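Open the structure in your viewer and keep the selection panel at hand. The stops below run in order.

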Amino acid sequence: TLIMAPAKAPKVPESLLKRKKQTEEYKAKLAQATILRNKAKKVKRQEIFKRAESYANEYKRAEREIITKKRDARKHDNFYVEAQPKVAFVIRTRGINGVPPKPRKVMQLFRLRQINNGTFVKLNKATINMLRIAEPYITWGYPNLKSVKELLYKRGFGRVDNRRVALTDNSIIEQKLGKRNIICMEDLIHELYTVGPNFKAANKFLWHFKLNTPGGGWRKKANHFVDGGDFGCRDEMINPLLRKMV
């Protein structure tokens, strides 16, 4: 009787073994990188949360301070006058027909090229004079914290490589403004609301706001706000208007 020799297992090609080894190494590296990235994200989240908390405390403290000063002044039969606002929000109320060259140039500098466009403007002597030149075609006032937050969270777009990009992630802000210590949405809000040292860079990064026509429409565009119309300075009354337009 013949005894059959056991069949030899086919030899695995060396190229296949090499590829298998490379795949395993790549998977291990990927897993390690994912772990490190998740750790970094966790640290970043904690940092952002701490910053947001410190800003909230700062806003509360400033509010309480004003109330205390007003009460002290009233006790002594006096008045407390708050500091002049540092930032305004400007909205274009009229279209492009029949706009004289000077107001047109001012609105171009403020990036208000279309009706219902809006931007933040740092208030100083020069910008106030510019606002006066373009007054019949714009309305402006002093936004409160809630308005600034709503504008950025609901209508905020950034300029990334000259493209209009929705601010859906803090990494977009960090990528463009990280070197200026602005890494999240709360940093951006704080910089604009308090007019910090990097206000210009933060405002330049933001795309101009494209707002809706206010609910119920405008009142009378050809009249000043104080005469029952729409254009011109409306101080704190810009906030109810922004609620209708955001």
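Is Asp187 buried or exposed? Asp187 is buried, with a relative accessible area of 2%; buried means under 20% relative accessible area, exposed over 50%, and partly exposed in between (1.4 Å probe, protein chains only).

Before moving on, two notes. This is a predicted model, in which local features need pLDDT of at least 70, side-chain atom pairs count only at pLDDT 80 or more, and totals for chains, interfaces and linings use all residues. Residues are numbered from 1 along each chain as its sequence is written, and side-chain values use heavy atoms, with hydrogens and water left out.

**Stop 1: Asp187**

Stay on Asp187, which sits in helix H6. Helices (H or I, at least four residues) and strands (E, at least two) are DSSP runs, numbered from the N terminus. Show the side chain. It makes a polar contact with the side chain of Arg51 at 2.5 Å. A polar contact is a pair of N or O atoms within 3.5 Å; within protein, one must be able to donate a hydrogen and the other to accept it, and residues adjacent in sequence count only if both atoms are side-chain atoms. The Asp187 side chain also reaches the backbone nitrogen of Ile183 at 2.9 Å. Leaving out residues up to four places away in sequence, Asp187 touches Arg51, Tyr55, Asn181 and Ile182; contact means heavy atoms within 4.5 Å.

**Stop 2: helix H6**

Now select residues 185-194, helix H6. Eight of its 10 residues are buried, so H6 is largely enclosed by the rest of the structure. Colour the buried ones: Met185, Glu186, Asp187, Leu188, Ile189, His190, Glu191 and Leu192. They pack against helix H1 (14-75), strand E1 (87-92), E2, H4, helix H5 (170-177) and helix H7 (199-205). Step past the end of H6 to Val195, where phi is positive, near 50°.

**Stop 3: H4 against H6**

Axes are lines fitted to C-alpha atoms, for helices over the stretch in contact, and angles run from 0 to 180 degrees between N-to-C directions. The two helices are therefore oblique to each other: angles under 35 degrees count as roughly parallel, over 145 as roughly antiparallel, 65 to 115 as roughly perpendicular and the rest as oblique. Which residues make the contact? On H4, show Leu145, Val148, Lys149, Leu152 and Tyr153; on H6, show Met185, Glu186, Leu188, Ile189, Leu192 and Tyr193.

**Stop 4: Thr119**

Jump to strand E2 (residues 117-122) and pick Thr119. Thr119 is buried, with a relative accessible area of 2%. Its side chain reaches the backbone oxygen of Phe110 at 3.1 Å. Beyond residues up to four places away in sequence, Thr119 touches Ala88, Phe89, Val90, Phe110, Arg111, Leu112 and His208.

**Stop 5: two loops**

Select Asp161, in the loop between strand E4 (157-160) and strand E5 (163-166). Asp161 is exposed, with a relative accessible area of 60%. Its phi is near 55°, a positive value in a residue other than glycine. Next comes Asp235, in the loop between strand E7 (232-233) and H8. Asp235 is partly exposed, at 38% relative accessible area, and its phi is near 45°.

**Stop 6: Val246**

Finish at Val246, in the segment after helix H8 (238-245). Apart from residues up to four places away in sequence, Val246 touches Glu150, Leu151, Lys154, Arg155 and Asn212.
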